[in-house]
Amino acid sequence: MKNYNSDKLALGMIMLGLTATAGNAQADAITLKFHSGLSQSRPEAEHIERFAKLVDEKSSGELKIEVYHAGALGLKEADILRTLQHGMVDMALLYGEYYTRDAPALASVYAQGAITEAEQHLDILPVIKEMYDDGFAKWNIHTVGGVVAPIFDVGLHCKEPVSSLDDLQGKKVRVWSRHLVDTFDTLGISAQVIPQNDMYMALQTGVVDCAYYLSTVAKTVSLQEVTEYESYLHPWAAAPWLFGISERALGRLDDNQRQALEEAGQETWNTTRELAVDPEREALAREERESLGITILPSFSEADVDTFVTAAWSTWKTMAENAGEDGTHYYNTVTQALSE
């Protein structure tokens, strides 16, 4: 009986020790809050969740990422650089073109018309990421991989047949950035920035005649209900979404946690890069639009594309110069790489 009680006591002490060890391990685990302004229905959100899972796995549970989609933390995109810099949130999904107030040069890293073939995007990605890494570092933000956005076809979606720059003369075009307004203006074509959520109504009511939009996902905003024709112009120069962590939050991590974060970010980057260019996806999307009643017209001619690209690069350069020394540096570096 005495031995039994001794063994029972010893077992109890061991279990108590294991419980305490588990408790300490749990206490040592760090959870980082991650802001994303994208809705959870967006494909990028799935990759962010996968990134969080990878961090948990690679750190053996010592580091966790708690993702807040659709701006659930109440943060404004325009303020994210300041928010991260001051450590008010640990991590965020970064998109350079959102920060024109605080870092206008970041909007000059990449612009529409930069590429004319989807594969060019993959070649230029390392240079683009280097420029963004440099820009975010000025705000004490370290990047750990991210999501390479899919390269979608960009076309003109119109109520009447339009498949050339001449056809666009006299038409009013919806675009999504000031750079595009200036590009079309250079070509003598009227364009205005209209948010995606207002685009359908603008086409329906005649505010605009055409929408310059990502053809592959046109169905998701029901463009087939307010336009009948589409003509391909060029591939989308898609700026990547980067995972940014404040230097303050990074300083709280030990070597194992930091390595897990870096590896998970790079794995997500590599996976999405492999998915970015997909001719079969684009062909199927085109077939689907035709099944919805859209007439797919011949693509814009090579001469028209050259004319558009020349205008786009000119306004891109002006935009970069207006952003200051950093903007000019980013523009020169990226365009030189594209020209090689």
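Reader: Are Phe184 and Tyr212 buried or exposed?
Author: In this predicted model, where local features need pLDDT of at least 70, side-chain atom pairs count only at pLDDT 80 or more and totals for chains, interfaces and linings use all residues, both Phe184 and Tyr212 are buried (under 20% relative accessible area, with exposed over 50% and partly exposed in between, using a 1.4 Å probe and protein chains only). Residues are numbered from 1 along each chain as its sequence is written, and side-chain values use heavy atoms, leaving out hydrogens and water.

Reader: OK, and how many aromatic pairs does the structure hold?
Author: The structure holds 16 aromatic pairs, where a pair means rings of Phe, Tyr or Trp (its six-membered ring) with centres within 6.5 Å, counted as stacked if the planes are under 30 degrees apart, edge-to-face if over 60 and tilted for the rest. Among them, Phe34 and Phe243 are edge-to-face, at 5.8 Å centre to centre with 75 degrees between the planes.

Reader: How buried is Phe34?
Author: Phe34 is buried, with a relative accessible area of 0%, and Phe243 also counts as buried, at 0% relative accessibility.

Reader: Switching topic, which residue has its charged end over the ring of Trp269?
Author: That is Lys129, whose charged end sits 5.7 Å from the ring centre of Trp269, the cut-offs being NZ of Lys or CZ of Arg within 6 Å of the ring centre and within 35 degrees of the ring normal.
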